Amino acid sequence: MDNILFFISNNLILSIIWFSLLGVIFSLFFKQFFFKTKIINNFYAIKLINEKNANIIDTRSVELYNTGHILNAIHLPLEKISLEKIKKLNLSTVDPLILIIDSSANNHKYIKKFIDNGIRNIYLLKGGMDSWNTENLPVVANKSDYN
């Protein structure tokens, strides 16, 4: 124990860097246990849609949504998510909910609104629609906006 304290006192900067990296590793590892949502890939999303009747909420802008979205996805822009809007959707608290969120800033704030509304099976599509499109999975476009 004395050797460890001697090493830390003689290599303070190196020790601070080491403990910081250790803290980051622990926080990334334990984040999964405390975060109420699961990040899923396209394959698992398709499985949830087909087998568990998952609801899909697309939170992208209207322009991006109209260029292409997953079949039966409900459009609810991120900045307009509120407890009232979620209640109006009448989402099942039992069925899984897949969120398509392209920006990672403040996601927890919006996800908490779904959790506060009783929805517990919340999944985030990893990579959003970019990864969906990269794998050439089917999308539906609103053609009425192009006429």
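1. A word on terms to begin with: helices here are DSSP runs of H or I with at least four residues, and strands are runs of E with at least two, numbered from the N terminus. With that in mind, α6 is followed by Gly118, whose phi is positive, near 95 degrees. Please remember throughout that this is a predicted model.

2. Let me stay with helix α6, which spans residues 107-116. Which of its residues are buried? They are Asn107, Tyr110, Ile111, Phe114 and Ile115. Seen down the axis of α6, these buried residues fall within an arc of 150 degrees, so they line one face of the helix. The general rule behind such a pattern is that an α-helix has 3.6 residues a turn, so residues three or four places apart point the same way.

3. What do the buried residues of α6 pack against? Their partners include three strands you can pick out in the viewer, β1 (37-40), β2 (55-58) and β4 (97-100). Strand β5 (122-125) and helix α5 (83-89) are also packed against by these residues.

4. The structure holds 2 salt bridges. Because Asp116 and Lys112 are 4 residues apart in helix α6, about one helical turn separates them. Asp116 is partly exposed, with a relative accessible area of 46%, and Lys112 is partly exposed at 46% as well.

5. Asp58 forms a salt bridge with Arg60, and the closest N and O atoms are 2.9 Å apart. Are these two residues buried or exposed? Asp58 is buried, and so is Arg60. Buried here means under 20% relative accessible area.

6. Met1, Ile4 and Leu5 form a nonpolar patch on the surface, with about 360 Å² of accessible area together. Of these, Ile4 is found in helix α1, residues 2-10.

7. An unreviewed UniProt entry annotates residues 12-30 as "transmembrane region". In the model, that span is 100% helix and 0% strand, and its end C-alpha atoms lie 27 Å apart.

8. Finally, a look at Asn41, which lies in the loop between β1 and α3 (42-52). Asn41 counts as partly exposed because its relative accessibility is 43%, between the 20% and 50% cut-offs. Asn41 and Pro138 are 97 residues apart in sequence and 15 Å apart in space, C-alpha to C-alpha.

Note on methods. Residues are numbered from 1 along each chain as its sequence is written. This is a predicted model: local features need pLDDT of at least 70, side-chain atom pairs count only at pLDDT 80 or more; totals for chains, interfaces and linings use all residues. Side-chain values use heavy atoms; hydrogens and water are left out. Patches are made of residues with over 30% relative accessible area and no salt bridge: like charges are joined within 9 Å, nonpolar side chains (Val, Leu, Ile, Met, Phe, Trp, Tyr) within 5 Å. Accessible areas come from the Shrake-Rupley method with a 1.4 Å probe; for residues, only the protein chains shown count as cover. A salt bridge is a side-chain nitrogen of Lys or Arg within 4 Å of a carboxyl oxygen of Asp or Glu. UniProt positions are given in the numbering used here, feature names are shortened, and annotations may be inferred rather than shown by experiment. Buried means under 20% relative accessible area, exposed over 50%, partly exposed in between (1.4 Å probe, protein chains only). The arc is that of the directions from the helix axis to the C-beta atoms. Contact means heavy atoms within 4.5 Å.
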